[in-house]
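Take a look at the fold below.

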Amino acid sequence: MSDANRDGLGRHSDPAGTTGVKEKNLGLSELIGSSPKFMAVFEDVRTVAPVDCAVLIQGETGTGKEVIARAIHDASARRQHRFVAINCAAIPAALLESELFGYERGAFTGAMTQRMGRFQTADRGTLFLDEIGELPIELQPKLLRAIQEQEFERLGSSQTTRVNVRIVAATNQNLEQMVAEGRFRMDLYYRLKVFPITLPPLRERAGDIPLLVDHFLRTFASRQGKSIEHVPADVMTALVRYDWPGNIRELQNFIERSVILTKGAELRAPIAELTHQETPNRVLRTLADADRAHIIATLQQTNWVVGGPNGAAAKLALKRTTLLYKMRNLGISKETAKPGTGPLNSYRDPARGSFVLPASA
(Lines give C-alpha, C1' and ligand atoms only; values in the text may rest on other atoms or scores of the structure.)
Protein backbone atom coordinates (compact mmCIF):
# COMPACT_ATOMS: atom_id res chain seq x y z
CA MET A 1 0.00 0.00 0.00
CA SER A 2 1.21 3.51 -0.71
CA ASP A 3 1.56 5.56 2.43
CA ALA A 4 -0.33 8.74 1.66
CA ASN A 5 -2.52 8.31 -1.37
CA ARG A 6 -5.51 6.50 0.12
CA ASP A 7 -7.59 9.28 1.67
CA GLY A 8 -5.10 9.36 4.47
CA LEU A 9 -5.80 6.70 7.02
CA GLY A 10 -2.33 5.17 6.73
CA ARG A 11 -1.06 2.92 9.51
CA HIS A 12 -2.94 1.67 12.55
CA SER A 13 -2.04 2.45 16.12
CA ASP A 14 -3.74 0.24 18.70
CA PRO A 15 -4.19 1.76 22.17
CA ALA A 16 -3.68 -1.60 23.79
CA GLY A 17 -0.51 -2.19 21.83
CA THR A 18 -1.79 -5.56 20.66
CA THR A 19 -1.91 -5.03 16.91
CA GLY A 20 0.33 -3.10 14.52
CA VAL A 21 3.41 -5.21 13.88
CA LYS A 22 1.71 -8.45 14.89
CA GLU A 23 -1.02 -7.99 12.31
CA LYS A 24 0.99 -6.21 9.66
CA ASN A 25 0.74 -9.24 7.39
CA LEU A 26 -3.04 -8.81 7.47
CA GLY A 27 -2.96 -5.19 6.33
CA LEU A 28 -4.57 -3.88 9.53
CA SER A 29 -1.39 -2.03 10.50
CA GLU A 30 -2.16 0.31 7.61
CA LEU A 31 -4.87 2.07 9.66
CA ILE A 32 -4.16 5.02 11.95
CA GLY A 33 -6.24 5.90 14.97
CA SER A 34 -6.95 5.20 18.63
CA SER A 35 -10.19 7.12 19.24
CA PRO A 36 -13.23 5.04 20.29
CA LYS A 37 -15.06 5.67 17.00
CA PHE A 38 -12.04 4.68 14.95
CA MET A 39 -11.42 1.58 17.05
CA ALA A 40 -15.02 0.52 16.39
CA VAL A 41 -14.28 0.73 12.65
CA PHE A 42 -11.05 -1.18 13.16
CA GLU A 43 -12.90 -3.98 14.94
CA ASP A 44 -15.45 -4.09 12.10
CA VAL A 45 -12.64 -4.48 9.58
CA ARG A 46 -10.97 -7.19 11.63
CA THR A 47 -14.29 -9.02 11.98
CA VAL A 48 -15.43 -8.93 8.36
CA ALA A 49 -12.11 -9.26 6.51
CA PRO A 50 -11.85 -13.06 6.79
CA VAL A 51 -15.56 -13.54 5.96
CA ASP A 52 -16.19 -13.66 2.22
CA CYS A 53 -19.24 -11.38 2.10
CA ALA A 54 -20.19 -8.05 0.56
CA VAL A 55 -19.33 -4.92 2.52
CA LEU A 56 -20.90 -1.47 2.20
CA ILE A 57 -18.73 1.40 3.46
CA GLN A 58 -20.56 4.65 4.14
CA GLY A 59 -19.15 8.01 5.12
CA GLU A 60 -18.52 11.58 4.06
CA THR A 61 -16.14 12.41 1.23
CA GLY A 62 -12.52 12.15 2.31
CA THR A 63 -13.03 9.87 5.31
CA GLY A 64 -10.91 7.08 3.85
CA LYS A 65 -13.41 4.65 2.36
CA GLU A 66 -10.94 3.20 -0.14
CA VAL A 67 -8.34 2.78 2.61
CA ILE A 68 -10.81 0.66 4.56
CA ALA A 69 -11.71 -1.33 1.44
CA ARG A 70 -8.04 -2.08 0.79
CA ALA A 71 -7.50 -3.04 4.42
CA ILE A 72 -10.39 -5.51 4.18
CA HIS A 73 -8.84 -7.00 1.04
CA ASP A 74 -5.33 -7.12 2.52
CA ALA A 75 -6.61 -8.86 5.64
CA SER A 76 -8.61 -11.44 3.69
CA ALA A 77 -7.76 -14.76 2.07
CA ARG A 78 -7.94 -12.92 -1.28
CA ARG A 79 -4.93 -10.72 -0.53
CA GLN A 80 -2.69 -12.66 -2.96
CA HIS A 81 -4.98 -11.61 -5.81
CA ARG A 82 -5.98 -8.25 -7.23
CA PHE A 83 -7.75 -5.37 -5.58
CA VAL A 84 -9.54 -3.62 -8.45
CA ALA A 85 -11.21 -0.25 -7.93
CA ILE A 86 -13.68 1.60 -10.11
CA ASN A 87 -15.25 4.98 -9.41
CA CYS A 88 -18.82 4.83 -10.66
CA ALA A 89 -19.08 8.62 -10.66
CA ALA A 90 -15.94 9.17 -12.76
CA ILE A 91 -17.01 7.13 -15.79
CA PRO A 92 -19.78 8.27 -18.17
CA ALA A 93 -22.93 6.17 -17.82
CA ALA A 94 -22.69 5.03 -21.44
CA LEU A 95 -19.24 3.54 -20.82
CA LEU A 96 -19.72 2.17 -17.32
CA GLU A 97 -21.23 -1.15 -18.43
CA SER A 98 -18.29 -1.92 -20.70
CA GLU A 99 -15.85 -0.92 -17.95
CA LEU A 100 -17.49 -3.29 -15.51
CA PHE A 101 -18.16 -6.26 -17.76
CA GLY A 102 -15.93 -5.81 -20.80
CA TYR A 103 -16.86 -6.12 -24.47
CA GLU A 104 -16.28 -8.17 -27.60
CA ARG A 105 -14.66 -6.91 -30.76
CA GLY A 106 -17.27 -5.09 -32.84
CA ALA A 107 -19.71 -4.73 -29.94
CA PHE A 108 -19.96 -1.02 -30.72
CA THR A 109 -18.24 1.58 -32.86
CA GLY A 110 -14.60 1.75 -31.86
CA ALA A 111 -14.49 -1.69 -30.21
CA MET A 112 -11.56 -2.95 -32.27
CA THR A 113 -10.48 -5.69 -29.87
CA GLN A 114 -11.93 -7.81 -27.09
CA ARG A 115 -11.52 -6.27 -23.64
CA MET A 116 -11.94 -7.68 -20.13
CA GLY A 117 -14.00 -5.68 -17.67
CA ARG A 118 -13.22 -4.95 -14.03
CA PHE A 119 -15.24 -7.95 -12.84
CA GLN A 120 -13.06 -10.35 -14.77
CA THR A 121 -9.87 -8.50 -13.85
CA ALA A 122 -10.78 -8.88 -10.17
CA ASP A 123 -11.40 -12.63 -10.44
CA ARG A 124 -10.40 -14.36 -7.15
CA GLY A 125 -9.75 -10.91 -5.69
CA THR A 126 -11.79 -7.89 -4.56
CA LEU A 127 -13.76 -5.41 -6.67
CA PHE A 128 -14.19 -2.02 -5.02
CA LEU A 129 -17.21 -0.10 -6.35
CA ASP A 130 -16.65 3.47 -5.22
CA GLU A 131 -19.49 6.02 -5.35
CA ILE A 132 -21.97 3.18 -5.90
CA GLY A 133 -24.84 5.63 -5.48
CA GLU A 134 -23.95 7.09 -8.89
CA LEU A 135 -24.58 3.78 -10.68
CA PRO A 136 -27.28 4.33 -13.33
CA ILE A 137 -30.58 2.68 -12.42
CA GLU A 138 -30.69 0.82 -15.76
CA LEU A 139 -27.35 -0.87 -15.03
CA GLN A 140 -28.25 -1.95 -11.50
CA PRO A 141 -30.09 -5.20 -12.46
CA LYS A 142 -27.05 -6.47 -14.37
CA LEU A 143 -24.77 -5.62 -11.46
CA LEU A 144 -27.13 -7.38 -9.04
CA ARG A 145 -27.07 -10.53 -11.16
CA ALA A 146 -23.29 -10.43 -11.46
CA ILE A 147 -22.93 -10.13 -7.68
CA GLN A 148 -25.50 -12.82 -6.86
CA GLU A 149 -24.66 -15.35 -9.55
CA GLN A 150 -20.98 -14.45 -10.04
CA GLU A 151 -21.51 -14.48 -13.79
CA PHE A 152 -22.17 -12.02 -16.61
CA GLU A 153 -21.93 -11.53 -20.36
CA ARG A 154 -19.58 -9.10 -22.04
CA LEU A 155 -21.16 -6.50 -24.30
CA GLY A 156 -21.68 -8.09 -27.71
CA SER A 157 -21.35 -11.65 -26.40
CA SER A 158 -23.87 -14.39 -25.60
CA GLN A 159 -21.28 -16.43 -23.75
CA THR A 160 -21.48 -16.37 -19.94
CA THR A 161 -18.30 -15.60 -18.03
CA ARG A 162 -18.04 -16.91 -14.50
CA VAL A 163 -15.92 -15.21 -11.83
CA ASN A 164 -15.21 -15.41 -8.12
CA VAL A 165 -15.19 -11.81 -6.88
CA ARG A 166 -15.72 -10.21 -3.49
CA ILE A 167 -17.62 -6.92 -3.63
CA VAL A 168 -16.83 -3.95 -1.43
CA ALA A 169 -18.90 -0.86 -2.23
CA ALA A 170 -18.70 2.68 -0.88
CA THR A 171 -20.84 5.78 -0.96
CA ASN A 172 -21.24 9.19 0.64
CA GLN A 173 -24.95 9.19 -0.19
CA ASN A 174 -27.95 7.97 1.78
CA LEU A 175 -28.80 4.83 -0.20
CA GLU A 176 -31.81 4.06 1.96
CA GLN A 177 -33.31 7.42 1.01
CA MET A 178 -32.42 6.80 -2.64
CA VAL A 179 -34.28 3.48 -2.45
CA ALA A 180 -37.35 5.26 -1.05
CA GLU A 181 -37.15 7.78 -3.91
CA GLY A 182 -36.83 5.04 -6.53
CA ARG A 183 -33.28 6.02 -7.52
CA PHE A 184 -31.62 2.85 -6.24
CA ARG A 185 -32.90 -0.72 -6.36
CA MET A 186 -33.90 -2.13 -2.98
CA ASP A 187 -32.65 -5.63 -3.82
CA LEU A 188 -29.23 -4.32 -4.85
CA TYR A 189 -29.04 -2.15 -1.72
CA TYR A 190 -29.62 -5.10 0.61
CA ARG A 191 -27.29 -7.31 -1.44
CA LEU A 192 -24.49 -4.80 -0.93
CA LYS A 193 -25.35 -4.12 2.72
CA VAL A 194 -24.50 -7.55 4.08
CA PHE A 195 -21.98 -5.95 6.42
CA PRO A 196 -22.22 -2.13 6.63
CA ILE A 197 -19.37 -0.02 7.99
CA THR A 198 -19.89 3.68 8.71
CA LEU A 199 -16.78 5.87 8.85
CA PRO A 200 -16.89 8.81 11.27
CA PRO A 201 -15.93 12.25 9.94
CA LEU A 202 -12.62 13.61 11.19
CA ARG A 203 -14.38 16.19 13.38
CA GLU A 204 -15.76 13.27 15.45
CA ARG A 205 -12.32 11.69 15.96
CA ALA A 206 -10.22 14.79 16.58
CA GLY A 207 -8.08 12.89 19.07
CA ASP A 208 -6.58 11.01 16.10
CA ILE A 209 -5.39 14.19 14.38
CA PRO A 210 -1.91 14.27 16.03
CA LEU A 211 -1.30 10.70 14.83
CA LEU A 212 -2.42 11.56 11.30
CA VAL A 213 -0.31 14.74 11.28
CA ASP A 214 2.70 12.71 12.35
CA HIS A 215 2.10 10.16 9.58
CA PHE A 216 1.58 12.71 6.80
CA LEU A 217 4.46 14.87 7.99
CA ARG A 218 6.87 11.95 7.83
CA THR A 219 5.54 10.86 4.45
CA PHE A 220 5.76 14.22 2.71
CA ALA A 221 8.99 15.32 4.40
CA SER A 222 10.64 12.11 3.24
CA ARG A 223 9.23 12.52 -0.25
CA GLN A 224 10.57 16.08 -0.48
CA GLY A 225 13.92 15.24 1.13
CA LYS A 226 13.32 17.42 4.20
CA SER A 227 14.00 16.84 7.89
CA ILE A 228 11.12 18.31 9.91
CA GLU A 229 11.18 17.41 13.60
CA HIS A 230 8.87 19.89 15.35
CA VAL A 231 5.21 20.86 15.14
CA PRO A 232 4.60 24.14 17.02
CA ALA A 233 2.06 23.84 19.81
CA ASP A 234 -0.18 26.55 18.33
CA VAL A 235 -0.20 24.70 15.01
CA MET A 236 -1.21 21.40 16.59
CA THR A 237 -3.92 23.12 18.63
CA ALA A 238 -5.33 24.76 15.49
CA LEU A 239 -5.30 21.46 13.63
CA VAL A 240 -7.14 19.67 16.44
CA ARG A 241 -9.78 22.39 16.75
CA TYR A 242 -10.54 22.82 13.05
CA ASP A 243 -13.67 21.18 11.60
CA TRP A 244 -12.01 19.62 8.51
CA PRO A 245 -15.07 19.60 6.22
CA GLY A 246 -12.94 17.73 3.68
CA ASN A 247 -11.99 15.21 6.37
CA ILE A 248 -8.72 13.26 6.21
CA ARG A 249 -8.09 14.13 2.57
CA GLU A 250 -8.19 17.83 3.45
CA LEU A 251 -5.80 17.30 6.37
CA GLN A 252 -3.46 15.31 4.12
CA ASN A 253 -3.37 18.08 1.51
CA PHE A 254 -2.88 20.75 4.18
CA ILE A 255 0.13 18.95 5.67
CA GLU A 256 1.64 18.42 2.21
CA ARG A 257 1.31 22.15 1.50
CA SER A 258 2.80 22.95 4.93
CA VAL A 259 5.80 20.72 4.26
CA ILE A 260 6.35 22.50 0.94
CA LEU A 261 6.36 25.86 2.77
CA THR A 262 8.72 24.68 5.52
CA LYS A 263 12.41 25.56 5.18
CA GLY A 264 13.79 24.37 8.53
CA ALA A 265 13.20 21.71 11.17
CA GLU A 266 9.92 23.23 12.46
CA LEU A 267 6.71 22.83 10.50
CA ARG A 268 5.48 26.12 9.02
CA ALA A 269 1.75 25.67 8.53
CA PRO A 270 -0.61 28.35 7.12
CA ILE A 271 -3.04 27.98 10.03
CA ALA A 272 -4.64 31.36 9.21
CA GLU A 273 -6.42 29.50 6.42
CA LEU A 274 -8.19 27.35 9.00
CA THR A 275 -9.39 29.86 11.60
CA HIS A 276 -12.00 31.61 9.46
CA GLN A 277 -13.98 28.36 9.09
CA GLU A 278 -13.73 27.38 12.74
CA THR A 279 -17.01 27.55 14.66
CA PRO A 280 -17.43 28.31 18.39
CA ASN A 281 -19.20 24.99 18.99
CA ARG A 282 -16.34 23.14 17.35
CA VAL A 283 -13.81 24.80 19.68
CA LEU A 284 -15.80 23.73 22.70
CA ARG A 285 -16.10 20.17 21.41
CA THR A 286 -12.36 19.82 20.89
CA LEU A 287 -10.97 21.52 23.98
CA ALA A 288 -11.09 18.10 25.63
CA ASP A 289 -9.02 16.69 22.77
CA ALA A 290 -6.43 19.44 23.10
CA ASP A 291 -6.41 19.06 26.90
CA ARG A 292 -5.91 15.31 26.58
CA ALA A 293 -3.04 15.74 24.12
CA HIS A 294 -1.32 18.31 26.36
CA ILE A 295 -1.63 16.14 29.49
CA ILE A 296 -0.28 13.05 27.71
CA ALA A 297 2.64 15.04 26.31
CA THR A 298 3.52 16.32 29.79
CA LEU A 299 3.22 12.86 31.33
CA GLN A 300 5.55 11.51 28.67
CA GLN A 301 8.10 14.19 29.62
CA THR A 302 8.00 13.14 33.27
CA ASN A 303 8.03 9.41 32.48
CA TRP A 304 4.49 9.24 33.84
CA VAL A 305 5.40 10.61 37.27
CA VAL A 306 2.32 12.50 38.40
CA GLY A 307 3.29 13.99 41.79
CA GLY A 308 6.39 15.61 43.25
CA PRO A 309 8.27 18.77 42.30
CA ASN A 310 9.25 17.36 38.89
CA GLY A 311 6.00 15.53 38.23
CA ALA A 312 3.38 16.26 35.59
CA ALA A 313 1.01 17.95 38.04
CA ALA A 314 3.66 20.53 38.95
CA LYS A 315 4.50 21.18 35.29
CA LEU A 316 0.81 21.67 34.53
CA ALA A 317 0.33 23.89 37.60
CA LEU A 318 -2.33 21.51 38.93
CA LYS A 319 -2.88 19.69 42.18
CA ARG A 320 -2.01 16.02 41.99
CA THR A 321 -5.62 15.03 42.78
CA THR A 322 -6.91 17.42 40.11
CA LEU A 323 -4.64 15.90 37.49
CA LEU A 324 -5.66 12.37 38.47
CA TYR A 325 -9.31 13.40 38.18
CA LYS A 326 -8.70 14.84 34.69
CA MET A 327 -6.85 11.70 33.63
CA ARG A 328 -9.76 9.52 34.71
CA ASN A 329 -12.30 11.72 32.92
CA LEU A 330 -10.25 11.81 29.71
CA GLY A 331 -9.42 8.11 29.76
CA ILE A 332 -5.68 8.67 30.07
CA SER A 333 -3.40 5.94 31.35
CA LYS A 334 0.13 4.83 30.59
CA GLU A 335 -1.15 1.76 28.74
CA THR A 336 -3.52 3.72 26.48
CA ALA A 337 -0.98 6.38 25.56
CA LYS A 338 2.21 4.52 24.76
CA PRO A 339 4.32 6.24 22.10
CA GLY A 340 3.11 5.07 18.72
CA THR A 341 -0.13 3.69 20.11
CA GLY A 342 -1.91 6.51 21.87
CA PRO A 343 -3.64 9.63 20.56
CA LEU A 344 -0.42 11.67 20.55
CA ASN A 345 2.54 10.08 18.84
CA SER A 346 4.85 12.93 19.89
CA TYR A 347 5.80 14.90 22.98
CA ARG A 348 5.88 18.54 23.94
CA ASP A 349 9.21 20.33 24.35
CA PRO A 350 8.63 23.22 26.81
CA ALA A 351 11.77 24.99 25.67
CA ARG A 352 10.52 25.18 22.10
CA GLY A 353 6.76 25.20 22.68
CA SER A 354 6.57 22.45 20.07
CA PHE A 355 5.47 18.90 19.57
CA VAL A 356 8.70 17.02 18.85
CA LEU A 357 8.26 14.01 16.63
CA PRO A 358 9.84 10.78 17.88
CA ALA A 359 12.36 8.94 15.77
CA SER A 360 10.92 6.63 13.15
CA ALA A 361 10.68 2.99 14.12
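Strand 1 and strand 8 run parallel and are joined by four bridges. Helices (H or I, at least four residues) and strands (E, at least two) are DSSP runs, numbered from the N terminus. Two strands pair if DSSP finds at least two bridges between them. Across this pairing, V55 stands opposite V168 in strand 8. The model is predicted, so local features need pLDDT of at least 70 and side-chain atom pairs count only at pLDDT 80 or more, while totals for chains, interfaces and linings use all residues. Residues are numbered from 1 along each chain as its sequence is written, and side-chain values use heavy atoms, with hydrogens and water left out.

**The sheet**

Strand 1 also pairs with strand 9, again in the parallel sense and over four bridges. Here L56 has P196 of strand 9 as its bridge partner. Strand 5 and strand 8 pair in the parallel sense over four bridges too. In that pairing, T126 stands opposite R166 in strand 8.

| Residue | Bridge partner |
|---|---|
| L56 | P196 in strand 9 |

What is the order of the strands in the open sheet? The five strands run 2-5-8-1-9, with parallel pairing. Strand 2 and strand 9 stand at the edges with a single partner strand each, so one side of each has no neighbour in the sheet. On average, neighbouring strands are turned by 20° against each other, direction ignored. In general, strands of a sheet pair through backbone hydrogen bonds, either parallel or antiparallel.

Strand 1 is covered on both faces. V55 and I57 are buried on one side, and L56 and Q58 on the other. Buried means under 20% relative accessible area, exposed over 50%, and partly exposed in between (1.4 Å probe, protein chains only).

Why is helix 2 called largely enclosed? Nine of its 10 residues (residues 65–74) are buried, so the rest of the structure largely encloses helix 2. Among the buried ones are K65, V67, R70 and D74. The cover over the buried residues of helix 2 includes helix 1 (36–48), strand 1 (55–58) and strand 2 (83–87). Strand 5 (126–130), strand 8 (166–171) and strand 9 (195–198) also belong to that cover.

The axes of helix 1 and helix 2 come within 9 Å and cross at roughly 35°. Axes are lines fitted to C-alpha atoms, for helices over the stretch in contact, and angles run from 0 to 180 degrees between N-to-C directions. V41, V45 and V48 in helix 1 meet I68, A71 and I72 in helix 2. Contact means heavy atoms within 4.5 Å. An α-helix has 3.6 residues a turn, so residues three or four places apart point the same way. Helix 1 also lies across strand 1, strand 8 and strand 9, at about 155° to strand 9.

**A buried asparagine**

N247 belongs to helix 10 (residues 247–261). N247 counts as buried because its relative accessible area is 0%. Leaving out residues up to four places away in sequence, N247 touches E60, T61, G62, T63, P201 and L202.

**The whole chain**

The protein chain has 14 helices and 12 strands. Of its 361 residues, 52% are buried. Among contacts with a separation of 6 or more, 71% come from residues 24 or more positions apart.
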